[in-house]
Amino acid sequence: MATAVTLALVIVAIGSTIAASRFSSLAKRNADLVIVATNAEAQAISAQQDAEAARDREQHLKVEAQRQTKIATDALFDLRQQRERAEANFVLARSAVDEFLNHVTKNELLTVPGMQSLRQQLLSSAMEFYDKFTRDDENTRELLVELASAHYRIAVIRGELGQKEESSISNAKSIELFEKLRDGGNESLDVQLGLAKSFFRAKRYDDTESICREILDANARHAATRSLLANTYNSLAIGNDEVVEIATALKYHQQSLALREGLASEFPDSPDYLAELGSTLNNLGVLLARQNRNRESLAMFLRGVSYSAEAYEL
C-alpha cells in the first residue's frame, strides 16, 4: 500500500516537473514572440511616422513649388509688359521720326539755294536716331523688323545726303534682314512691303513688282503698295541707265497712270498722289510728242499741269 502511494507521488512529481518545464518553455517562447511583436509594432509605427513626415515634406515642397512658380510667372508677366511698353514707345518714337524724315525729304523749300545746309542738319539728326537703334544689341534681338526698317531709312537719308556708297551698303543690310525674316516664316505686310521698298531702292524692279503683286493679291486696295508699284512702272518706263523703246515705255507709263489715277481719286487731299499723277501725265505727253501725236500730247500736258497745280495748293 505504502509502496503504491509512494509510486503515485513519484509519478505526480515527475508529471509536475515535466509540466513546469513545458510551461517554462512556452513562457519563454511567448516572451520572445512578444518581443518580436513589440519590435515589429515599433518598426511599423516608425515607418508610418516616416511616411507621414515624407508626405508632409512632399506637400510642403509642392506648396513651395507652386509659390515659386507663381512668383516666376508674375515676374515673367511683368517683364513682358515692360518689354511691350518699351517696344510700343519705340514704335511711337520711330513713327514721329519717320514723319519728320518724310517732311524733310519732300519739303521743296529745303532744296532752294541757301537751305541745303539746314536740310543736311535735319537729315543728320534723323539719321542719329536710326543709327543708334541699329547699334543696340537688345533691339537687334527683339525688334528685327524695326531694325531692318531702320537700315532702310538710313539708306534713304544717306542717299539724300549724296552718300551713294554708304546708302547702298545700308540698303543691302535692310534687304538681308528682311529676307532673313521672310525665309524664317514671317510673311507679314511690314516685312513684304519693307523688302519691296528695299528692292526698289536697289533698282531690282522685277523683284519689287513681284512682291507688290503678291501683296495686292491679298489686299487689292492697299494704297502704299499700289503707289510703290506705280513708282516701279514709272522707273521701268524711264529706264535709268538703260534705253527703253517708246512702245515699252508707253506701256509702263500707262500701267503707272492707271494706278496713280485710282490713288488720286481715292485720296484727293494727298498732294503726293496728285503730284505723282501729274508727273506721269507729263511723261506720257513727252512720249506722245516723240510719236508726233501732238494733240494727245497736249492733252496730257494740260492734265499734268492741272494736277501738279492742285498738289501745290494743298
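**View 1. Asn-231, a buried residue of helix H8.** Asn-231 is buried, as its relative accessible area is 18%; here buried means under 20% relative accessible area, exposed means over 50%, and partly exposed lies in between (1.4 Å probe, protein chains only). This residue sits in helix H8. Helices (H or I, at least four residues) and strands (E, at least two) are DSSP runs, numbered from the N terminus. Which residues does Asn-231 contact, once its neighbours within four places in sequence are left aside? They are Phe-200, Arg-260 and Glu-276, where contact means heavy atoms within 4.5 Å.

A word on the model before we go on. This is a predicted model, in which local features need pLDDT of at least 70 and side-chain atom pairs count only at pLDDT 80 or more, while totals for chains, interfaces and linings use all residues. Residues are numbered from 1 along each chain as its sequence is written, and side-chain values use heavy atoms, with hydrogens and water left out.

**View 2. The whole protein, built from eleven helices and zero strands.** Followed along the sequence, the pattern reads α-α-α-α-α-α-α-α-α-α-α. The protein has 314 residues, and 31% of them are buried. Among contacts with a separation of 6 or more, 55% join residues 24 or more positions apart.

**View 3. The largest nonpolar core, with 37 residues.** A nonpolar core is a set of buried Ala, Val, Leu, Ile, Met, Phe, Trp, Tyr and Cys residues joined through side-chain atoms within 4.5 Å. The residues with the most contacts inside this core are Phe-178, Leu-195, Ile-211, Leu-229 and Tyr-233. Two or more residues each come from helix H4 (144–160), helix H5 (164–183), helix H6 (189–201), H7, H8, H9, helix H10 (271–290) and H11. Apart from this core lies another, of seven residues, including Leu-123, Met-127, Tyr-130 and Ile-157. Take a moment with Tyr-233: leaving aside neighbours within four places in sequence, Tyr-233 is in contact with Glu-209, Arg-213, Tyr-252, Gln-255, Ser-256 and Leu-259.

**View 4. Helix H6 and what covers it.** How far apart are the end C-alpha atoms of H6? They are 18 Å apart, which agrees with the 18 Å that its 13 residues should span at 1.5 Å a residue; the expected span is 1.5 Å times one less than the number of residues. The buried residues of H6 are Val-191, Gln-192, Leu-193, Gly-194, Leu-195, Ala-196, Ser-198 and Phe-199. Their cover includes H4, H5, H7 and H8. After H6 comes Lys-203, with a positive phi near 65 degrees.

**View 5. Salt bridges, seven in total.** Side chains of opposite charge can pair when their charged atoms come close. A salt bridge is a side-chain nitrogen of Lys or Arg within 4 Å of a carboxyl oxygen of Asp or Glu.

- Arg-221 and Glu-266 meet through their side chains at 2.0 Å, N to O. Arg-221 lies in the loop between helix H7 (205–218) and helix H8 (223–238), and Glu-266 in helix H9 (residues 246–266), so this pair ties together parts that are 45 residues apart in sequence. Arg-221 is exposed at 53% relative accessible area, whereas Glu-266 is partly exposed at 35%.
- Glu-261 and Arg-303 form a salt bridge at 2.9 Å, N to O. Glu-261 belongs to helix H9 and Arg-303 to helix H11 (residues 294–313), so the pair ties together parts 42 residues apart in sequence. Glu-261 is partly exposed, at 31% relative accessible area, and Arg-303 is partly exposed, at 31%.
- Through salt bridges that share partners, Arg-221, Arg-226 and Glu-266 join into one network.
- Asp-183 and Arg-182 meet in a salt bridge at 4.0 Å, N to O. Asp-183 is exposed, at 62% relative accessible area, and Arg-182 is partly exposed, at 33%.

**View 6. Phe-267 and Tyr-273, a tilted pair of rings.** The structure holds three aromatic pairs. In this one, the ring centres are 5.6 Å apart and the planes stand at 55 degrees, so the pair is tilted. Rings of Phe, Tyr and Trp (its six-membered ring) pair if their centres lie within 6.5 Å; planes under 30 degrees apart count as stacked, over 60 as edge-to-face and the rest as tilted.
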